[in-house]
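Please read the points below with the model open beside you.

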Amino acid sequence: MSHRVKGVARGAVLAAALTASLAGCVTVHGETAVVPAVGKDEAAKVLKTFTARNNKANSAYDTELNAAIETGALGAIDQAGLKSRKEIRPRGNPDYRRLELTDTRYLIPKQAGWPKFFVTDSASNRKGGGRWLFVFQRDSADAPWKASYLSIVQPDKMPDLATDKEGHVEAVPTGADSGLTLAPGALSKAYARYLQEESGTAFAPGPYTTAQRAQRERQMKRENVRNEYADQAARPPQFNPFGLRTENGGALVFFSSLHHHKQTLPRGYKPKIKDPLVKALLSGTPKQSVTFVRTAEQVVTVPPKKDGGKITFLNRISGLTSAQGQ
């Protein structure tokens, strides 16, 4: 399957990007009128500015610059990573390879209210061959565009998206009127519950569902260390889910989740944190246990409610955001 967008109007829709502190172009009646979230030219400017500032932030390990262009799960993961690397290499990374994005298409829905969002779909100069999908969101008419999700999807896994006669994609409501087997706004809670209890049958087997639970079960059987897991839903306004309607009536949905992993050693043994990147995010004194906190961003396909079927993960990126010694 190609990664083109299909629908009433076929053909390339738009070309893509990342975000920074650009003001965007939807400033008239953005609260009530159903209008494109952004114009194509403005989206291209957002992406260009984001890419330039992203490269600068990554080479200098500059968390403040990153916070100006990223938010949500992506921002939480990247800012924690930059913070830890800055402590290890205060002068930054002179060997950083600049990110380059090409062959971009812009997936822009018509929307009313806030936050507004659009998605960019690009080829990158990184290995792997996957398409880089960035979600950019804007929380008000005066707010900057910021990237809140990054997902890397193989072209043959990318679903065909529904478009209107003008080439705009369709934003999916996050609530019960989504027409999906599970609404975007309910995905994070359902996924956290699945990992905790393996309850429900909404999710298809795969590396981030059945394999994830199997790995945890093996860890919890270890006798030399006690492993405990706790999963939480990531909620708006800090973590907003976003969905685009697929041609079959389902949706491509981006959502976040939060995960805690506590490791406790037998009495008399003290945890040893060897990874300097983990040490840089550690608070408290690890006398017997350490709790690792991770934020995850994922993209899934959700079937239409009328057809049923399983929710399938296309990509998941998880990053350590803090650690607590006890």
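1. Pro115 sits in the loop that runs between β3 (110-111) and β4 (116-124), where strands (E, at least two residues) and helices (H or I, at least four residues) are DSSP runs numbered from the N terminus. The peptide bond from Trp114 to Pro115 is cis, with omega near 0°. A further cis bond leads from Pro236 to Pro237, with omega near 5°, and Pro237 belongs to the loop between β7 and β8. These bonds deserve a look, because most peptide bonds are trans.

2. A word on the basis of these points: the model is predicted, with local features needing pLDDT of at least 70 and side-chain atom pairs counting only at pLDDT 80 or more, while totals for chains, interfaces and linings use all residues. Residues are numbered from 1 along each chain as its sequence is written, and side-chain values use heavy atoms, with hydrogens and water left out.

3. Two residues call for attention in their backbone angles, since most residues other than glycine have a negative phi. Tyr61, which is not a glycine, has a positive phi of about 55° and is found in the loop between α1 and α2 (63-67). At 8% relative accessibility Tyr61 counts as buried, a term that means under 20% relative accessible area, with exposed meaning over 50% and partly exposed in between (1.4 Å probe, protein chains only). Asp103, in strand β2, likewise has a positive phi, near 50°, but counts as exposed at 54% relative accessibility.

4. Asp103 also takes part in a salt bridge with Arg131, their closest N and O atoms being 2.9 Å apart; the term requires a side-chain nitrogen of Lys or Arg within 4 Å of a carboxyl oxygen of Asp or Glu. Because Arg131 lies in strand β5 and Asp103 in strand β2, the pair ties together parts that are 28 residues apart in sequence. Arg131, at 6% relative accessibility, is buried. By the same rule the count comes to 11 salt bridges.

5. Which parts of the chain does the salt bridge between Arg245 and Glu170 (3.7 Å, N to O) link? Arg245 is in strand β8 (residues 242-245) and Glu170 in the loop between β6 and α4 (184-197), 75 residues apart. Arg245 is buried, with a relative accessible area of 12%, whereas Glu170 is partly exposed at 38%.

6. Helix α5 (residues 210-220) holds both Glu217 and Arg213, four residues apart, about one turn of the helix, and these two form a salt bridge whose closest N and O atoms are 3.5 Å apart. Glu217 is partly exposed at 36% relative accessibility. In α5 the buried residues are Gln212, Arg213 and Arg216, and they cover an arc of only 95° around the axis, which puts them on the same side of the helix; the arc is that of the directions from the helix axis to the C-beta atoms. The buried residues of α5 pack against α4, β7 (226-233), β9 (251-264) and β12 (312-325), contact meaning heavy atoms within 4.5 Å.

7. Finally, the interior: a nonpolar core is a set of buried Ala, Val, Leu, Ile, Met, Phe, Trp, Tyr and Cys residues joined through side-chain atoms within 4.5 Å. In the largest such core, which has 20 residues, Ile108, Phe118, Phe134, Phe136 and Trp145 touch the most other members. At least two residues of this core come from each of α1 (40-60), β2 (101-107), β5 (131-138) and β6 (146-153), and α1 gives the most, with four. A second, separate core of 17 residues includes Val119, Leu133, Val299 and Leu314.
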